[in-house]
Amino acid sequence: MSVALVTGATAGIGAAFARRLARDGTHLVLLARDGDRLDATAAELRAEHGVTVETVVADLSTEDGLAVAEQRAAQGVDLLVNNAGFGHQGWFLDAPLDVELKTMRVHCEAVLRLTYAALPHMLQHGAGGVINVASIAAFVARGTYGASKAWVVSFSESVAAEIVGSGVRITTVCPGWVRTEFHDRAHLDVDNVPPYLWLKPETVVDAALRDFSRGRLVSIPTARYKAIVGLNRAVPRRLAAAISARVGSRRTGHRARRGPLLTPDV
């Protein structure tokens with residue numbers, strides 16, 4: 001029976017991955033910061049699906065948390081889902097430096113270190129893989145959040161190229177706006193996001209697992225988001241950056257605040 005390690009597993013896309021994988025009969029290792037919530041999620045999945053659920057309490061923004069996560073990943077899993085992430089308001093120079101560094105650690109360093117720890121077991125068995133959760137923000141020049149997600153896409157494609165033919169796959173899923181608690185935690189105003197742009201977490205997970213099974217490097221859920229990303233790629237980079245700085249923003253003194261249309265869910 002296969003085992004999947006899911007980070008950020010108690011809410012949003014991570015919880016949807018956990019539910020779908022448990023329903024498919026996959027045993028789980030769930031990692032999150034909140035131990036009580038983690039235990040409740042694990043108990044629910046065990047009772048509903050009869051799978052084994054191990055819990056790991058770890059904060060991936062800390063060295064201790066990363067070390068704990070690395071150690072468990074290195075013990076061997078068949079699927080690693082790097083989902084943990086967060087967002088915040090504000091322009092680059094307005095945000096505290098420690099918040100920007102925390103973004104890079106959770107979105108980039110954690111993905112790198114857990115992938116590095118998990119791959120040897122998978123390669124030894126010639127099976128398994130990694131799903132890294134990025135965002136369509138990876139294709140938009142928009143602050144540290146978008147830059148960190150762009151790194152995830154590039155990193156995943158690079159490692160996938162190195163291990164091609166091994167039987168181990170890597171897919172990056174890039175969702176847009178998803179109905180989760182992500183935006184409330186980041187204190188983002190999403191009132192002007194059109195209804196047709198919202199996705200359910202389950203939609204993202206279904207697309208990610210389908211594309212992973214097909215060996216696709218990047219999974220962009222739904223045709224409308226594929227079209228948005230395709231259009232963005234067709235626009236000159238300087239123009240796209242200028243548009244992203246203005247769309248959905250409102251003026252606060254001399255500087256426009258970040259617009260919610262360009263801060264999608266992870």
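Author: Let us begin with one residue and its neighbours. Leaving aside residues up to four places away in sequence, Leu30 touches Val6, Ala9, Ala18, Leu38, Thr41, Leu45, Val53, Glu54, Thr55 and Val56, where contact means heavy atoms within 4.5 Å. This is a predicted model, in which local features need pLDDT of at least 70 and side-chain atom pairs count only at pLDDT 80 or more, whereas totals for chains, interfaces and linings use all residues. Residues are numbered from 1 along each chain as its sequence is written, and side-chain values use heavy atoms, with hydrogens and water left out.

Reader: In which strand does Leu30 lie, and does Leu30 count as buried or exposed?

Author: Leu30 belongs to strand β2 (residues 27–32); helices (H or I, at least four residues) and strands (E, at least two) are DSSP runs, numbered from the N terminus. Buried means under 20% relative accessible area, exposed over 50% and partly exposed in between, with a 1.4 Å probe and protein chains only. Leu30 counts as buried because its relative accessibility is 0%. Leu30 and Val57 are 27 residues apart in sequence, and their C-alpha atoms are 8.4 Å apart in space.

Reader: Where does Val81 lie, and which residues does Val81 touch?

Author: Val81 is in strand β4 (residues 79–82). Not counting residues up to four places away in sequence, Val81 touches Leu5, Val6, Thr7, Phe17, Ile131 and Val133. With a relative accessible area of 0%, Val81 is buried. Val81 and Val130 are 49 residues apart in sequence, yet 5.9 Å apart from C-alpha to C-alpha.

Reader: How are two packed helices described?

Author: They are described by the angle between their axes and the distance between the axes. Axes are lines fitted to C-alpha atoms, for helices over the stretch in contact, and angles run from 0 to 180 degrees between N-to-C directions. Here, helix α3 (residues 63–74) and helix α4 (residues 97–125) have axes that come within 8 Å and cross at roughly 30°. Angles under 35 degrees count as roughly parallel, over 145 as roughly antiparallel, 65 to 115 as roughly perpendicular and the rest as oblique. Therefore α3 and α4 are roughly parallel to each other. Residues of α3 including Leu66 and Ala73 take part in this packing, as do residues of α4 including Leu114 and Ala117.

Reader: At what angle do α1 and α7 pack?

Author: Helix α1 (residues 12–23) and helix α7 (residues 201–213) pack at about 60°, with their axes 9 Å apart. The two helices, α1 and α7, are therefore oblique to each other. Among the residues that meet are Ile13 and Phe17 in α1 and Val204 and Leu209 in α7.

Reader: Where are Ser135 and Thr222 placed?

Author: Ser135 lies in the loop between β5 (129–133) and α5 (143–162), and is buried, with a relative accessible area of 0%. A polar atom of the Ser135 side chain lies 2.9 Å from the backbone nitrogen of Ala137. Thr222 is in the loop between β9 (218–219) and α8 (223–234). Although Thr222 is not a glycine, its phi is positive, at about 75°.

Reader: How many helices and strands does the protein have?

Author: The protein has 9 helices and 11 strands. Buried residues make up 51% of its 266 residues.

How values were computed
Polar contact = N/O pair within 3.5 Å; in protein donor to acceptor, adjacent residues only side chain to side chain.
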